[in-house]
Amino acid sequence: MTTTTMTTALEPLQRERLMELAREVSFPAGTRLFEEGRRADRFWIVRTGTVCLDLHVPGRRPAVVESLGHGELVGWSWYFTPCVWHLGGEAMSPVRAWEFDAGTVRARCAEDPAFGRAIATWVGRAVAHRLHSSRVRLLDLYAPYGSGGLL
């Protein structure tokens, strides 16, 4: 598990507070959960299945930059204004997930500073992880051979 999974990122009390706001949802394979550039007003934690994140590449098919599975946070764009998706997301297999309303979670973060810090740290780790994954994947796909050395 990575630091982007709910169980490794949040303490039990924080997980409980977050899960009070959860709604169970499911998506068949091939369902687009969100599109790059559109309003980000919710997020998910995967229970079962796989969600792939992709990036629009002009003149090409979207580039898949990461696959997310059990316990992982799907979506971080909801946390930062202007709350617009930076990537797209699609269910690659049937997905069961917990869905959260972004506004409700942000309000809980504001009313409970310790909870808010935990969520901010979790989302920040997810952003850093996705940025790194996207960079590596795009270098794999589009850079000349040998140009993708990591610092």
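The open sheet of this predicted model has 4 strands in the order β2-β7-β4-β5, with antiparallel pairing, where strands are DSSP runs of E with at least two residues, helices are runs of H or I with at least four, and both are numbered from the N terminus. Two strands count as paired if DSSP finds at least two bridges between them. The edge strands, each pairing on one side only, are β2 (32-34) and β5 (63-68). On average, neighbouring strands of this sheet are turned by 30° against each other, direction ignored; the axes behind such angles are lines fitted to C-alpha atoms, for helices over the stretch in contact, and the angles run from 0 to 180 degrees between N-to-C directions. Strands of a sheet pair through backbone hydrogen bonds, either parallel or antiparallel.

| Pair | Sense | Bridges |
|---|---|---|
| β2 and β7 (residues 88-91) | antiparallel | 2 bridges |
| β4 and β7 | antiparallel | 4 bridges |
| β4 and β5 | antiparallel | 5 bridges |

Some residues can be followed across these pairs: F34 stands opposite G89 in β7, the bridge partner of C52 in β7 is E90, and L53 has E66 as its bridge partner in β5.

Strand β4 (residues 51-55) is mostly covered, with 5 of its 5 residues buried; buried means under 20% relative accessible area, exposed over 50%, and partly exposed in between, with a 1.4 Å probe and protein chains only. From β4, V51, L53 and L55 point one way, while C52 and D54 point the other way.

The largest nonpolar core has 37 residues, and those with the most contacts inside it are L10, L18, W44, W78, I119 and W122. Such a core is a set of buried Ala, Val, Leu, Ile, Met, Phe, Trp, Tyr and Cys residues joined through side-chain atoms within 4.5 Å. Helix α4 (residues 113-142) gives the largest share of this core, 6 residues. Leaving aside neighbours within four places in sequence, L18 is in contact (heavy atoms within 4.5 Å) with residues including M6, F43, F100 and W122.

In the whole protein chain there are 4 helices and 8 strands, and buried residues make up 40% of its 151 residues.

Residues are numbered from 1 along each chain as its sequence is written. Because the model is predicted, local features need pLDDT of at least 70 and side-chain atom pairs count only at pLDDT 80 or more, whereas totals for chains, interfaces and linings use all residues, and side-chain values use heavy atoms, with hydrogens and water left out.
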